[in-house]
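Here is a note for someone opening this structure for the first time. The points below can be read with the model on screen.

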There are 2 protein chains.
Amino acid sequence: MNRLCSAAILSFVSLAAAAEPLPSWRDGATRDAIVDFVDAASSEGSEGFVPANERIAVFDNDGTLWAEQPAYFQLFFAMDRVRAMADQHPQWKDTQPFKAVLENDMEALADAGMEGVVTLVMASHAGNTAEEFEGIVRDWIRTARHPTRDVPYTSLVYQPMLELLEFLRANGFQTWIVSGGGIEFLRVWAEEIYGVPPAQVVGSSIKTRFENRDGRPVIVRLPEIDFVDDKDGKPVGIHRHIGRRPVMAFGNSDGDHQMLQYTAGGDGPRLMGLIHHTDAEREWAYDRDSHIGRLDKALDEARRRNWVVVDMKSDWARIFP
Amino acid sequence: MNRLCSAAILSFVSLAAAAEPLPSWRDGATRDAIVDFVDAASSEGSEGFVPANERIAVFDNDGTLWAEQPAYFQLFFAMDRVRAMADQHPQWKDTQPFKAVLENDMEALADAGMEGVVTLVMASHAGNTAEEFEGIVRDWIRTARHPTRDVPYTSLVYQPMLELLEFLRANGFQTWIVSGGGIEFLRVWAEEIYGVPPAQVVGSSIKTRFENRDGRPVIVRLPEIDFVDDKDGKPVGIHRHIGRRPVMAFGNSDGDHQMLQYTAGGDGPRLMGLIHHTDAEREWAYDRDSHIGRLDKALDEARRRNWVVVDMKSDWARIFP
């Protein structure tokens, strides 16, 4: 009885104390703004209190929770899939954008533009069942390595953001991912890596169909875009999946601008944050002129409205786990 | 200290004991099948154990959690909206299906069929912001009364199902609604009535758009169908929102058939259930020949595969709260 009691008390205390949250964040205004907001949101009676069922925090993924250079990691996945499937598609040797992938010609791939990327994604992501696709992603995420850093992609998640997700959940927040990336790609590993269950992942999607395949009722993935969860699409995706306006949102690019505006547009306490990639040495430095993760208009609005701007170089003591 | 300790222990005990779950269910095979499944699913080491993150139960709404006669309650909502908006649309007096609504001509309305219903829903549900629509539904659900029973619609929820939702949550299940009805209609009151938060409601939807309206960033509802969460659509909706195959599913009509098949198609322990409307005295009795909530093929498959079939008349000691 005593032991059970101590355990119960202890779990209270460990939640309540949380003596040093966000250890990879350097002391300063950025860290204070976040900790103060969360403390107030979870303290009944405080001015910044937020009822438990409204404590919803949304996070972009690429460039916010993990790195996105030299290209979105899901593009590398699509390229690896094209290589793995090339034997069954001999015509790809002579057809763009597949030819560019098979010849590792990044310039030709860039020339193929967004249309080329969509073609790649359709060819490499559709046709199988949801469960088959899950298996493919699971294998890839375990074995694939980043082209320049030569580490697993999941080693390039941001340690300070993992701590923030934890800290939020310990204070009764729901943590959601709202990504321009594919919802089914992310869901496979988001729970293990970020502690975010599949149902709390919002992302871009292709259409699916219910089917009996070999006597088994399955979801089949179709080569047709269903929803693009980027820019204007992010508030729409949030509304569709969460059905409530978040009180906290973090992004890193103009693709997250509308999500931050939507979050800011509600009543009561709220916190909007941008990750600013300023550390060329430990990570990558880019903003207004970057092809990937361009941060321009959202940065202007963040400065004008006093949103939290995280300076990776000065605010983060550590970047990767 | 002692008091805190007792409280902590007590909350453990009250969860663990749950001496008499499902009090409105009569003793018998149906109740036993459900209780045994849930007990096993939440008992580590038992053969029927289900890991916590896979304990997902899905429920149809109309005819499964609340009544659906003499017509889906959301149709009465749409009709009330048309009446409330008629002054701004003088042409409705002479245009079907609006004329039928304004003249309370249920026969003409039935003649307008599914197309008529869609026209009504588009006219009555779209054009406003998500928050405006939420306010309208909130007012309606508080004040509207059922046409023949003359009670609020929320009095026509099934007490045994409320108890089942509670029992499942107390045993670590997530409870989801997967309805052919409108997602935004349901989300307004599902939390208060069923204890199901907005994010755990899946339903049919119209398209929406992000917009700045009078300087406020909002979601605007468009008069265009986005997704029909019925029949083949239910497994697709489950996959889209939950991203995991449920282990328990309850429905009451052929519109739920594919959801039950999809749930049955997974590995490991699972329970599929149908509510069979057999009580003409306390509720309504209907199945194979009903226009609303037809239950035919799903009933055959349920009997063939030994799914749980709840006989409302004999299995439920009490129907409404």
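1. Start with A:Phe73. This residue is buried, because 21 other C-beta atoms lie within 10 Å. (Buried means 20 or more other C-beta atoms within 10 Å of the residue's own, exposed means 12 or fewer, and partly exposed is in between; C-beta atoms are placed from the backbone.) A:Phe73 belongs to helix α3 of chain A, residues 73-85. Helices (H or I, at least four residues) and strands (E, at least two) are DSSP runs, numbered from the N terminus. A:Tyr153 is 80 residues away along the chain, yet the C-alpha atoms of A:Phe73 and A:Tyr153 are separated by 7.5 Å.

2. A word on the source. This is a predicted model, in which local features need pLDDT of at least 70, side-chain atom pairs count only at pLDDT 80 or more, and totals for chains, interfaces and linings use all residues. Residues are numbered from 1 along each chain as its sequence is written, while chains are lettered from A and ligands numbered from 1 in the order in which they are written.

3. How do the two chains meet? In chain A, 29 residues are in contact with 29 residues of chain B. (Contact means that the C-beta atoms of two residues, placed from the backbone, lie within 7 Å.) Five elements of chain A each supply at least two residues of this side: α1 (2-17), β3 (201-213), β4 (216-227), α9 (233-241) and α10 (257-264). By class, the side of chain A that touches chain B has 16 nonpolar, 8 polar and 5 charged residues. Here Ala, Val, Leu, Ile, Met, Phe, Trp, Tyr, Cys and Pro count as nonpolar, Asp, Glu, Lys and Arg as charged, and the others, Gly among them, as polar.

4. Next, the symmetry. Chain A superposes on chain B by a rotation of 180° with 0.0 Å of shift along its axis, at RMSD 0.0 Å. That is the relation of a two-fold axis.

5. Angles run from 0 to 180 degrees between N-to-C directions, and axes are lines fitted to C-alpha atoms, for helices over the stretch in contact.

6. Look inside that sheet. Strands β1 (residues 56-59) and β2 (residues 174-182) of chain A pair in the parallel sense over 4 bridges. A:Val58 stands opposite A:Trp176 in β2(A).

7. Which helix does α9(B) cross? The axes of α9(B) and α10(B), residues 257-264, come within 7 Å and cross at roughly 55°. That makes α9(B) oblique to α10(B). (Under 35 degrees counts as roughly parallel, over 145 as roughly antiparallel, 65 to 115 as roughly perpendicular, and the rest as oblique.) B:Lys234, B:Pro235 and B:Ile238 in α9(B) meet B:Gln258, B:Met259 and B:Tyr262 in α10(B). This contact has 4 nonpolar, 1 polar and 1 charged residues.

8. Then the hairpin of chain B. Strand β3 (residues 201-213) pairs with β4(B) in the antiparallel sense over 8 bridges. The bridge partner of B:Arg213 is B:Arg216 in β4(B). The hairpin has 2 residues between the strands, and B:Asp214 takes a positive phi near 50°.

9. Is B:Val218 buried or exposed? B:Val218 is buried, with 22 other C-beta atoms within 10 Å. Its place is in strand β4 of chain B, residues 216-227. Leaving aside neighbours within four places in sequence, B:Val218 is in contact with B:Thr129, B:Ala130, B:Glu131, B:Glu211 and B:Arg213. B:Thr129 is 89 residues from B:Val218 in sequence and 6.5 Å in space, C-alpha to C-alpha.

Conventions: Least-squares fit on C-alpha atoms with pLDDT ≥ 70 in both. Pairing = 2+ DSSP bridges.
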